[in-house]
Amino acid sequence: MNHIISIRDLSRTEIDQLIDEASRIDSSVSFDQSLKGKILALLFFEPSTRTRMSFEAAMARLGGTSIGLDSVEASSMAKGETLADTIRVVSGYADTIVLRHPKEGAARLASEFASVPVINAGDGAGQHPSQTLLDLYTIRQSMPLEGISVGLLGDLRYGRTAHSLAYALSLYGATLHTISPKGLELPTSIADELREKGTEIVEHRDVSEIIGTLDVLYVTRIQRERFPDSASYFKVASSYRVTPDLLTGVRERLIVLHPLPRLDEIDPGVDQLPYARYFEQSRNGIPVRMAMLRKVMG
Amino acid sequence: MKRDAREGLLISPIRNGTVIDHITGGEALNVLKIIGITGATTESISVATNVKSGKMGRKDIVKIENRELLKEEVNRIALIAPNASINIIRNFEVFEKKGVEIPSILTGVVRCPNPGCISNTNEPIDSKFEVLTKGLHCLYCDWIITKDITSHLI
Ligand SMILES: [Zn+2]
C-alpha cells in the first residue's frame with residue numbers, strides 16, 4: 001500500500017519524483033482529470049482549515065471528489081469508537097484517507113488498519129510530510145537543493161516542521177544553521193542523528209551573525225505558551241523578529257520561508273522584498289498535494 | 001567444586017524447565033517481569049541474585065520449572081541481560097543451550113514514555129519499538145528511549 005506517513009519513509013529519489021511531478025503540474029496550463037471518479041476522505045480530528053482546504057482543492061483540480069467530517073463531528077465520533085475502527089469503516093467509503101489527529105503516531109496506526117492509502121496531514125506535534133515537500137519544492141523553485149546553506153529560526157525544540165525539513169535537507173547535503181531562543185534549541189537527539197549522517201549543524205543565538213551567508217531563512221512560530229509570562233515572550237519574540245533592516249546586505253538569492261500563519265515573527269515590511277516567498281510557499285501546497293494524491297491513487 | 005556446592009544451596013537442580021544463567025547482576029527480577037512471570041503465575045521459580053561469577057563479577061540466575069522459554073521470550077531478555085545464556089532442561093539434563101539475541105523489533109514489551117503517543121490510548125495495538133544502538137525507537141511517535149529501559153517495561 002502506498003501510504004505517505006512521514007518524510008523519513010521517502011527516499012531522496014521518491015522526494016525528487018514528487019517535486020518533479022508538482023513542478024510539471026504547476027507548469028501545465030490545464031489540469032488533467034486523472035482522478036475523476038475517485039473519492040478522497042478527509043478525517044480531521046482537530047481543526048486545520050488551510051490544510052484541509054488545500055487537499056480538497058488539490059483533489060478537485062484532479063477531477064476527484066472529497067468527503068469528510070469537520071473536526072467537531074470527528075471528535076464526537078472519536079469518543080464512541082477507536083481510530084482503528086473509524087479507519088476500517090472509512091476505508092470502505094473512499095480511495096484514499098487524509099488524516100489529521102492530535103495523537104502522535106495516529107497516521108502510522110491508521111496505515112495499519114486501512115485498506116486504502118493513508119496520507120498524514122499532521123499527527124500530534126504537527127509534522128506532516130506535505131508541508132516538508134512543499135517547503136522543498138519552494139526552495140527548488142529558486143535554487144538547486146544540493147549543498148545549500150539554510151538557517152532555521154525560531155522554536156526548534158517543539159517545531160516538528162523544522163525537524164522534518166532539517167531531516168529532508170540532510171539528504172541533499174545542506175549546511176544547517178540553527179538560531180533559537182534558550183530552551184527552544186533543536187533537540188540533541190535530532191542534531192546528533194543528522195550529524196551522524198554527515199550534516200554540518202552550526203548553532204547561533206543571533207540571526208544577524210549568520211544572515212549574510214544564508215541561501216534560505218526558514219522562520220517558525222515561537223508560541224506564547226512556551227513562556228512563563230507574556231513579558232518574557234515579547235522579549236524573546238522581538239529579538240527573533242525578521243525585519244527589512246535585518247535583510248540588508250544578504251545574498252541575492254536568499255529566500256525567506258514560513259509555514260504560516262505567522263504571528264509577529266516576520267515584519268509585514270518584509271512582504272514587499274524580493275526575498276519573501278512565504279505566500280508562494282503556501283500556494284505551492286496545491287501542486288505538491290496534487291502530486292501526492294496522484295502518487296497514491298494514480 | 002566448592003563454588004558449585006554453594007550454588008547448589010541457593011538453587012536446586014530442576015527436572016524440566018529453563019535455567020537462565022549469566023544474567024547481569026541485579027536484573028533477575030526484571031528478567032522475570034519481561035517474560036511475564038508475576039506473583040500470580042503458577043510456575044515454580046528459583047532466583048539467585050548477585051552470585052559470584054568469575055567471568056562477570058556478579059550474576060543472577062533464574063530457574064523456571066516446567067516451562068521451556070520460546071525464542072521470542074528469550075530474545076526479550078537480551079534487552080536487559082545481553083550476556084544471559086538459556087539452558088532448556090529435560091529430565092535433569094541440558095537439552096539445549098542458547099545465547100540471547102537482541103530482536104530488531106520489540107512488540108508489546110515496553111511502554112512509550114510519550115504521553116501524546118497513540119500507543120498509550122485504547123487503540124487495539126501493541127507498542128512497537130525498533131532496537132537501535134542508541135536506544136529504542138517508538139515506531140508510532142518516533143520517541144527514543146535511551147536510558148532506564150526497565151522502568152518502561154509493560
Ligand atoms: Zn510512542
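Predicted model: local features only at pLDDT ≥ 70, side-chain atom pairs only at ≥ 80, totals over all residues.
A residue counts as buried when its relative accessible area is under 20%. By this criterion C141(B), at 3% relative accessibility, is buried.

For reference, the ideal angle for four tetrahedral donors is 109.5 degrees.

**R111(B) and its surroundings**

R111(B) is also placed in the loop between β6 and β7 of chain B. At 45% relative accessibility, R111(B) counts as partly exposed. Leaving aside residues up to four places away in sequence, R111(B) touches N120(B), F129(B), I145(B), H152(B) and I154(B). The C-alpha atoms of R111(B) and V94(B) are separated by 35 Å, although the two residues are 17 residues apart along the chain.

**Fold of chain B**

Chain B comprises 3 helices and 9 strands, in the order α-β-α-β-β-α-β-β-β-β-β-β from the N terminus. The C-alpha trace of chain B spans about 55 × 30 × 25 Å along its principal axes. Of the 154 residues of chain B, 44% count as buried. Among contacts in chain B with a separation of 6 or more, 60% come from residues 24 or more positions apart.

**Interface with chain A**

Contacts between the chains involve 16 residues of chain B and 15 residues of chain A. The area buried between them is about 1,200 Å², with carbon and sulfur atoms giving 51%. I118(B), E123(B) and Y140(B) supply 35% of the area that chain B buries against chain A, more than any other three residues. The interface holds 1 salt bridge, formed by the side chains of E112(A) and K128(B).

**Salt bridges**

Over all chains the count is 26 salt bridges. Several of them are listed below.

| Side-chain pair | N to O distance |
|---|---|
| E112(A) and K128(B) | 2.9 Å |
| E193(A) and R8(A) | 3.0 Å |
| E43(B) and R67(B) | 3.0 Å |
| E73(B) and R67(B) | 2.4 Å |

In the pair of E193(A) and R8(A), E193(A) lies in helix α8 (residues 188-196) of chain A and R8(A) in the segment before α1 (12-27), 185 residues apart. E193(A) is buried, with a relative accessible area of 16%, whereas R8(A) is partly exposed at 33%.

R67(B) pairs with E43(B). E43(B) lies in the loop between α2 (28-34) and β2 (45-53) of chain B and R67(B) in the loop between β3 (57-65) and α3 (71-77), so the pair ties together parts 24 residues apart in sequence. E43(B) is partly exposed, with a relative accessible area of 22%, while R67(B) counts as buried at 16%. R67(B) also meets E73(B) in a salt bridge, and E73(B) is buried, with a relative accessible area of 15%. In chain A, salt bridges that share partners join E21(A), R24(A), D32(A) and R294(A) into one network.

Terms used:
Residues numbered from 1 in each chain as written. Chains lettered and ligands numbered in written order. Heavy atoms only, no water. Buried < 20%, exposed > 50% of the residue type's maximum accessible area, 1.4 Å probe, protein only. Helix = DSSP H or I, 4+ residues; strand = E, 2+ residues; numbered from the N terminus. Contact = heavy atoms within 4.5 Å. Buried area = accessible area lost by both parts, 1.4 Å probe. Salt bridge = Lys/Arg side-chain N within 4 Å of Asp/Glu carboxyl O.
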